[in-house]
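A short report with one table will do.

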Amino acid sequence: MDFEQDNDQLFEQEGSSFDLKSFLSKALRIWPWILLSVVVCMAIGFFWTMTTVPLYEVKSKFFIKEKENTLALFEKPAIMDVGSIGLQNEIIILKSKPIAEKTLRKLDFDVEYFRESAFVNEKLYKNAPVLIQVDWNAAQIINGLITLNWESSESFILSFDDKKYTKYLPDGTYTTLSNIPEPQSFTFGEWVETDHFRIKVSKIDPDSSGSILFNVKDIKSLAAHFSNLLQVEAVERGATIMDLNILTPNVLQGEVYLNTLMDTYLSLELQEKNEVYANTIAFIDSQVAGVADELSSYERELESFRSSNMIYDLSTEGEAVYSQLSQLETLLKDEQFKRTYYQTLKDYLLRENYRELVVPSGIGIDDPFLNALIENLLALQVEKSRLLATQKEISPAVREVNRKIEDANKSIREILKNVDENSQVVIKDLESRIADIEKSFRSLPQTEQNLIRIQRQFTLNENLYTFLMEKRSEAAITKASNTANNKIIEPADGGRKVVPQPLRNYFISLFLGFAFPLVYVFLREYFRTKVEDIKYLEKKLKVPVLATILFNKLENNLVVLNHGKSGIAEGFRSLRANLKFVLPNENKITIMVTSTISGEGKTFCAMNLASVYSLTGKKTILVGCDMRKPKIFGDFNIENKKGLSTYLSGQEKDWKNVINPSGYSNFDILLSGPTPPNPAELLFTERFKDLINDLKETYDVVILDTPPIGLVSETLELFSHIDLTLFVFRQNFSQRTFVDALNGIRRNTEIRNIYGVFNGVDSKEVTYGYGYTYGYGYGYYDDDKK
């Protein structure tokens, strides 16, 4: 077996930092804790499942038409997708509190009913045993469960068992209810009024006794709650059909809310769409009232004149004059009507009263450019109203719309100025032409003139009245036939239970039950700073480990000599056997035993290794080279008056005078002696070199117990005098950085004969297969049984 070659191979190998087998073995040793963790986590999972309020998903599909760019006629095409922006705005409006509030005002959600249960109260809707009406013009107790019990069909008892309630005041403010009312009895079917609430409870369930919980919610709280619940997202990417869904503890209530929300949204859209036609009808009605009165007046005057003057038909000349005048006066009346509209429109624009604007096409004014501008202005105003439902006046989007409205207002006023001037020119021309015709009109008989004058006014008003009524009918028909652009694709439907999901909760609990202890083991291993087992040394140490020595629980350190049949003694015999393969020529060997710091058991290992060699008949000497902290003398009951320090300092001329018998055959001891002021310099002398050579000639085995290599410098100088170095690591004491330190020595020096010894191993861990222990442990050997 070529240990030198294996040593080099070990130094070159770089293994994984995670040892699965070692990790699993450590995890198996804590199986009771894993079992306990699983039981606790499963119990928590069960409790969580049973105490979680069940929520069901309610979904519907709603079509939202993309908005066209209202400025497409007047501006260059925008880089951004106007339709997409409009769609996002509609989604925001759908989720806004104002539309949620309008929806809730149509519903009876202000009282929530619950059936009491062991874990979670069941929410009721439309199947509660009582009906509670709330008078919101009075103060009300809200945001807390109230218990309603009845033992008869005539009366009931209200109990306020929650720790905290809120009091809603008629002015819309809130205050904390500090004085919670005591239980009181009231009568069914009558309004109950106190300082804190005013309600009416009607009994629906025929049972003479029962109990129910209820909670009163104000409209603002409900609107905030439902607006947050609503989720809107596209069915597919780029689509304008939206999935509307909410999570609710009661499926029926969720369906009712979603359906009502979509209906409310469509009603508001249709209301905004019909607002222009409503304004047109109102404007025409205001004009028709005066025309109708004048028409009735001239009709009566015409009938009276004909009856009194016995004239019914006009002469040929009178008919011609009448026809020309009627035609011109009709044109004049139409132009004057347009000027009235222009002036009214100008006043609205100056006052920025856009809600009462009338589109010119609605009253028969065919000006495409003016029509387009006003329609654009109305669309901008609608867009502003929608934005203000979710944003402030100072928001960038609202400010941009205000800027566009102002620009449109200026453009319309400039056009109105021009068309009004043109209208004045037309009116003057018509008046001039009428005046010319009236000159020939004066040549007719006086009676015929008067008849023509009355009939002209009657025909003029009749034509105007007919024209206005036609336009009003057109606007009314358009308004009645209008439909919303958006529509409901699928009504609300629900039933899929979203939370809790028992199987998922139990799986997660089971996973966490295993994960917590395993993660603890992993983190403990990951952040462990000390060497715990032989596996780590075998993996990280770049030199072979020759033996594992059990932890010494005996009072004496001379385990091999005094307890030869113990597991510890067997460990040192195994070490001696492995050394035969490392040093085949063992007739004369010199071994140095060292460690990184004090306390790792190097002196213990040196004494017992020397003991095990002496028992084989080899003449052995143990040399205490640790002159700073001598220990060997105590276990052999020898006084440390003289030793290595006295010989190296020249106080003793012959090294044989400082040799002490151990009291055991073939086993001598050279103590370290009194602590000198310069221990490092003494080990560097030629006298020490000569001493080692003399000891090698005299003894078969020379074992040096040296100072810790990590604390002093002289230990490295001893490598030149020895055949082999044993580096001791102690379980749960030696730092893992010590392994790196030894690897550094191995890497940076030419020293090759360095081997590891794992000391102080717990016998319980040995029985689980730690290291090169060959199955021995306490209880197996006779001395261990004792």
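The model is predicted, so local features are given only at pLDDT of at least 70 and side-chain atom pairs only at pLDDT 80 or more, while totals for chains, interfaces and linings use all residues. Residues are numbered from 1 along each chain as its sequence is written, and side-chain values use heavy atoms, with hydrogens and water left out.

**Aromatic rings**

The structure holds 15 aromatic pairs. Rings of Phe, Tyr and Trp (its six-membered ring) are paired if their centres lie within 6.5 Å; planes under 30 degrees apart are called stacked, over 60 edge-to-face, and the rest tilted. Two of these pairs are tabulated here.

| Pair | Centre to centre | Angle between planes | Class |
|---|---|---|---|
| Phe156 and Phe186 | 5.9 Å | 40° | tilted |
| Tyr168 and Tyr174 | 5.7 Å | 65° | edge-to-face |

Phe156 belongs to strand 7 (residues 155–159) and Phe186 to strand 10 (residues 184–187), so their pairing ties together parts that are 30 residues apart in sequence. Helices (H or I, at least four residues) and strands (E, at least two) are DSSP runs, numbered from the N terminus. Phe156 is buried at 1% relative accessibility, and Phe186 is buried at 13%. Here buried means under 20% relative accessible area, exposed means over 50%, and partly exposed lies in between (1.4 Å probe, protein chains only). In the other tabulated pair, Tyr168 is buried at 11%, whereas Tyr174 is partly exposed at 38%.

Phe156 and Phe186 also belong to one aromatic cluster with Trp150, Phe160, Tyr165, Phe188 and Phe197.

Charged side chains sit over rings as well: NZ of Lys or CZ of Arg must be within 6 Å of the ring centre and within 35 degrees of the ring normal. Lys619 lies over the face of Tyr699, 5.1 Å from the ring centre. Arg730 lies over the face of Phe733, also at 5.1 Å from the ring centre.

**Two single residues**

Tyr755 is part of strand 24 (residues 754–761) and is buried, with a relative accessible area of 1%.

Thr260 is part of helix 7 (residues 251–309) and is buried, with a relative accessible area of 13%. Leaving aside residues up to four places away in sequence, Thr260 touches Thr103, Lys106 and Leu107; contact means heavy atoms within 4.5 Å.

**Helix 2**

In helix 2 (residues 20–29), the buried residues are Ser22, Phe23, Lys26 and Ala27. Viewed down the helix axis, they fall within an arc of 135°, so they line one face of helix 2. The arc is taken from the directions from the helix axis to the C-beta atoms. Lys21 and Leu28 are exposed on the other side of helix 2. The cover over its buried residues includes helix 3 (31–51) and helix 12 (502–526).

**The second largest pocket**

This pocket has a volume of about 580 Å³. On a 1 Å grid over the protein atoms alone, a pocket is an open set of points where a 1.4 Å probe fits, with protein on both sides within 12 Å along at least five of seven lines; lining residues have an atom within 4 Å of a point. Grid points are joined across faces, edges and corners, and the volume is the space filled by probe spheres set on the points. The lining has 29 residues, and those closest to the pocket centre are Val53, Phe114, Asn121, Lys123 and Pro249. Helix 3, strand 2 (111–115), strand 3 (122–124), helix 6 (219–229) and strand 15 (241–248) each supply at least two lining residues. Helix 6 gives the most, with 5 residues.
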